[in-house]
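Hi,

Here is the structure I promised to pass on. Have a look at it first, then read my notes below.

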Amino acid sequence: PTPRPKPIYLPIIIGEACFQQWVHGDVVLVLDISTSMDRPSRKGRSKLAATLDAAKAFVGMMDFTPDTKGRRDQVAIVGFNDTAWIETGLTSDMAVAMAAIDHLPAGRAEGTRLDLGFQRGLEAGQGAARLADNSLVMIFLTDGLPNRVPVAEDGTMETTVRRSAQAAKDAGMQVYTIGIGAQNDINPQLLGECASDPGRFHYAPDPEDLGSIYGQIAHSIGCPPSDFWGGR
């Protein structure tokens, strides 16, 4: 009699590599400037102070010097809490970007209007300074749950937030989301759904870990998961 076939497991070696080319970006940093950001990090300073330092370090990694074809990075700075505002539109002036980050705490207030943060982030990315050849990226950071967001027809604030994030994605933005602080202070599922894909959601229990996360994001802009088998 013919024996019953059994599964055969074959090892596979995938020789994938990221032959990274320099990709210039129009990057919009959207930062939570709510009063909950006053809570301390593991180093004893506020989450807001650690977040702003990490944002400035990320800006420092960008290349604002035009190459021979005039290509360069640009960055916009957006803050949100009970409202949302564009602190500076897309710029390749590092001094302007750093000053905008330093000025964000002046708008500190209660509230976590995630929906408005996504909306202002999209507006900042679509400004007149937009460079068509640059990758359009939004990096969205929050330490809180949706608060004071208009309720959608299904009775949830989350649907309103998801729609605002989807509008940015539909406009061609690569959306990265970052949740910081205790896990019960944020909604990881919501932030994962707001990102362009679940792999672009990052969780930082402590804002002191943001530096490495920003570094990962900077690398992935040039080597997106879609370039790899299985979208890893």
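To start: which residues of α1 are buried? They are K47, L48, A50, T51, L52, A54, A55, F58 and V59, where buried means under 20% relative accessible area, exposed means over 50%, and partly exposed is in between (1.4 Å probe, protein chains only). Helices here are DSSP runs of H or I with at least four residues, strands are E runs of at least two, and both are numbered from the N terminus.

Before going on, two notes on where this comes from. This is a predicted model, in which local features need pLDDT of at least 70 and side-chain atom pairs count only at pLDDT 80 or more, while totals for chains, interfaces and linings use all residues. Residues are numbered from 1 along each chain as its sequence is written, and side-chain values use heavy atoms, with hydrogens and water left out.

Now the overall picture. The chain has 6 helices and 6 strands, and along the sequence they come in the order β-α-β-β-α-α-β-α-β-α-β-α. Its C-alpha atoms fill a box of roughly 80 × 50 × 40 Å along the principal axes. The chain has 232 residues, and 48% of them count as buried. Contact means heavy atoms within 4.5 Å; among contacts with a separation of 6 or more, 72% link residues 24 or more positions apart.

Next, the inside. A nonpolar core is a set of buried Ala, Val, Leu, Ile, Met, Phe, Trp, Tyr and Cys residues joined through side-chain atoms within 4.5 Å. The largest one has 33 residues, and L29, I139, I178, L210 and Y214 have the most contacts inside it. At least two residues each come from β1 (25-32), α1 (47-60), β2 (74-80), α2 (94-103), β4 (135-142), β5 (174-180) and α6 (210-222). The largest share, 6 residues, is from α1. A second, separate core has 23 residues, including V28, V30, A165 and A168. If you click on I139, you'll find it in contact with V27, V28, L29, V30, F58, Y176, I178, Y214 and I217, leaving aside neighbours within four places in sequence.

Back to α1 for a moment. This helix has 14 residues and reaches 20 Å from its first C-alpha to its last, close to the 20 Å expected at 1.5 Å a residue; the expected span is 1.5 Å times one less than the number of residues. D53 sits in this helix too, but counts as partly exposed because its relative accessibility is 36%.

How many of the 12 residues of α3 are buried? The count is 10, so this helix is largely enclosed by the rest of the structure. Among the buried ones are D115 and R120, along with L114 and F118. The end C-alpha atoms of α3 (residues 114-125) are 17 Å apart, which agrees with the 16 Å that its 12 residues should span.

K169 lies in helix α4 and is buried, because its relative accessible area is 18%. K169 touches V175, E193, C194, A195 and S196, not counting residues up to four places away in sequence. R148 is in the loop between β4 and α4 (157-170); its phi is near 65°, a positive value in a residue other than glycine. R148 is partly exposed, with a relative accessible area of 46%.

Cheers
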